[in-house]
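Hi,

Here is the structure I promised to pass on. My notes on what turned up follow below it.

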Amino acid sequence: MDFSRIPPVRLKGLARYASAATVYKIARMPEDKRTAVLLAFVKAYEVLALDDALDMLDLLISDIAGKAKKIGQKERLRTLKDLDRSALTLASVCSLILDEETDNEELREAIYSLCSKKLLEKSIETINSLVRPADDKFYDEMVDQYGRVRRFLPQLFKHIEFKSAPAGQQTLEALNYLVKHGFSKKQFLENPPSDVISNPWKRLVIDKDERIDRRAYILCFLDKLQDSLRRRDVYVENSDRWGDPRAKLLQPEEWKTHKAQVCRSLGHSADAKEVIDSLAEQLDSAYKRVAANFDDNDAVRVDSSGKNPSLTITQLDKTEEPESLLKLREHVASLLPKVDLTELLLEIHAHTGFADEFYHVSEANARAENLTVSICAVLLAEACNIGLEPFIKPNVPALTRHRLSWVKQNYLRAETLTQANARLVDYQATLQLAQNWGGGEVASADGMRFVTPVKTLNAGPNRKYFGSNKGITWYNFLSDQYSGFHGIVIPGTLRDSMFVLEGLLEQQTGLKPMEIMTDTAGASDLVFGLFWLLGYQFSPRLADAGESVFWRIDKEADYGVLNELARGCSNPNKIERDWDDMLRVAGSLKLGTVQASELIRSLLKSDRPSSLAQAIIEAGKINKTIYLLNYVDDEDYRRRILNQLNRGEARHAVARVARVARAICHGQRGEIRKRYREGQEDQLGALGLVTNAVILWNTIYMQVSLDHLKNQGYPVRDEDVAHLSPLPIGHVNMLGQYSFTLSERVSNGGLRPLNEEDD
């Protein structure tokens, strides 16, 4: 059936309603509605099941490679003594050969007197059996695990239809061959496609008689299939997460319609030469400016001691906070009223009405009595990671077990959480104090790690963050007004650079951030190119900025002291050749037809990037160099990046003073125990919403406290106000009794009296 005319959000909503509704509710529906709801459910969950199956395949191949490496390393440790003994024997023989005093005619006799012929042959045999090639990746041990894949591969290839882009054609040919001939009981295969056999695999797949070993070939193919799937050279048409991102780009007819509008909105000319000339002028100007200021820049010097010259950048000194700021911070903190987290959430609703954004999954308009209390209780149960039990009060209709379970099932989901969070972010942007911190044009992205001790497909290993367990990353986007405007759940610790753009393109608040700051992990030439293409400024904190390659366009240009640094020469002809396709990619991202992470996956090809990817990377090299030149030339710019990143890290921190997000998510040791991606996204969405509510409440009362101090004649300096932070939470009670009662004044939008005990 053709579902292309049905909005995906509507289809997903119907499917979610079907999964939440009881059999009896569905049976009582009119026939047309019942058919539509059940059909949407089947369609949505067919895609979900397909995605999960492919996720499982990817995880299994990774697990086979991981276990093979462990087995290989363990075996290597066990045989090291034998290898050392044989190597020492051969070393003593070689030293005798190199001894010029030994006569050549007597050499063989001297060797056998030192080491018998039999011992020498045994040593050579031992070394040949134990030594591994330089490019060895423990493929022998992978082949030994053939039994793990033999059971399911025939069914997988039978029921899932794979397709390929031109770059994946060889992989698809090998797959089709295996479907027909690969799962017989014969030890050797007859004439399988050999293009998928990489050099490290050849010694295992092809024996001395030029025969193809079936088990080794299948494991070699799986290694290639995983690589092709991750790049989307091979894809599954009906899959959401493993589909073809190229098919989601604006098609030629659509692109003709939208081209002029896209060029206008991005600020790019349709003429590639104009764009390249502008880039060349910006790069040349930046080089000359930095060269002219270089002698006066004490924080930077050229280090020529290594193989290639590099820049040495002095770390920024910690800024000493003035006494006036310390005292103002202390006075403001002492004035903030003490409040329970439950009451804080209800009070923020009284100011913003954010709970009204939660509507029933069936889109019914009727609302139960005191629904706001139930919604706030469910939000806190998810955000605090403590479940519904502490909030259940049988004698309060809004807090009974049945009511809370019903609200959680029917009201808490990604779209309602996103809309409610947008209300908080937009309200924060109207406050004068928040405007003193920033205008919303600057943002930062930072990951918060959570261990997931339950079995889940949507988790990955990383010993640094998760120990022996697996975990997920909540990649959170923070504005310069301290509000979190978007969050993405990432399995394990995938490359942050794949998700940086999504926070800007998919966020649904009134903020318009144009510059985003990340840690070093988010930086790559491809990401720099895409940011420039979309009209954003990418400003990562680079730990190794001095080691980065500085690119130039004009080979003959004289940049003085920077000449030896500008050793890379960019080729803008690649940009000119693919400029129209680059604009089409930017338009597709801007109009939301394709996700940034999907596109970046397909473009990131380590060994043979496509022509389009090369063009974007070439633009990224130029823009990265312009950024690096500004970065090394301007200490205030470096400090601004550091300060914005510190805001995000402080929001997540578990430091000496417990900060907001970690302090809120205190239950079950801060571990996420939801098994499915949707549940994890909903829980961390609730955490982001409650965190923003706390920050908004602090901002409101800090503003009132500052006004109070001014009325009392206290000297409040604007530069001190700009350095205050709404993150301290010592006055917010996260634990104990959960009471959802407000005074009439506060519930009607009024404010609590300040804490003036120490005034």
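Residues 24 or more positions apart make up 74% of the chain's contacts with a separation of 6 or more, a contact being heavy atoms within 4.5 Å. Please keep in mind that this is a predicted model, where local features need pLDDT of at least 70, side-chain atom pairs count only at pLDDT 80 or more, and totals for chains, interfaces and linings use all residues. Numbering runs from 1 along each chain as its sequence is written, and side-chain values use heavy atoms, with hydrogens and water left out.

The chain has 31 helices and 16 strands (DSSP runs, H or I of at least four residues for helices and E of at least two for strands, numbered from the N terminus). Of its 759 residues, 49% are buried (under 20% relative accessible area, 1.4 Å probe, protein chains only).

The axes of α18 (residues 414-430) and α29 (residues 677-711) come within 10 Å and cross at roughly 15° (lines fitted to C-alpha atoms over the stretch in contact, with angles from 0 to 180 degrees between N-to-C directions). The two helices are therefore roughly parallel to each other, the term for angles under 35 degrees. Residues that meet there include Leu-417 and Leu-424 in α18, and Leu-689 and Leu-696 in α29.

I also looked at Gln-226, in helix α11 (residues 214-231). Gln-226 counts as buried because its relative accessibility is 11%. Leaving aside neighbours within four places in sequence, Gln-226 is in contact with Asp-58, Ile-61 and Ser-62.

Best wishes

Notes. Angles under 35 degrees count as roughly parallel, over 145 as roughly antiparallel, 65 to 115 as roughly perpendicular and the rest as oblique. Buried means under 20% relative accessible area, exposed over 50%, partly exposed in between (1.4 Å probe, protein chains only).
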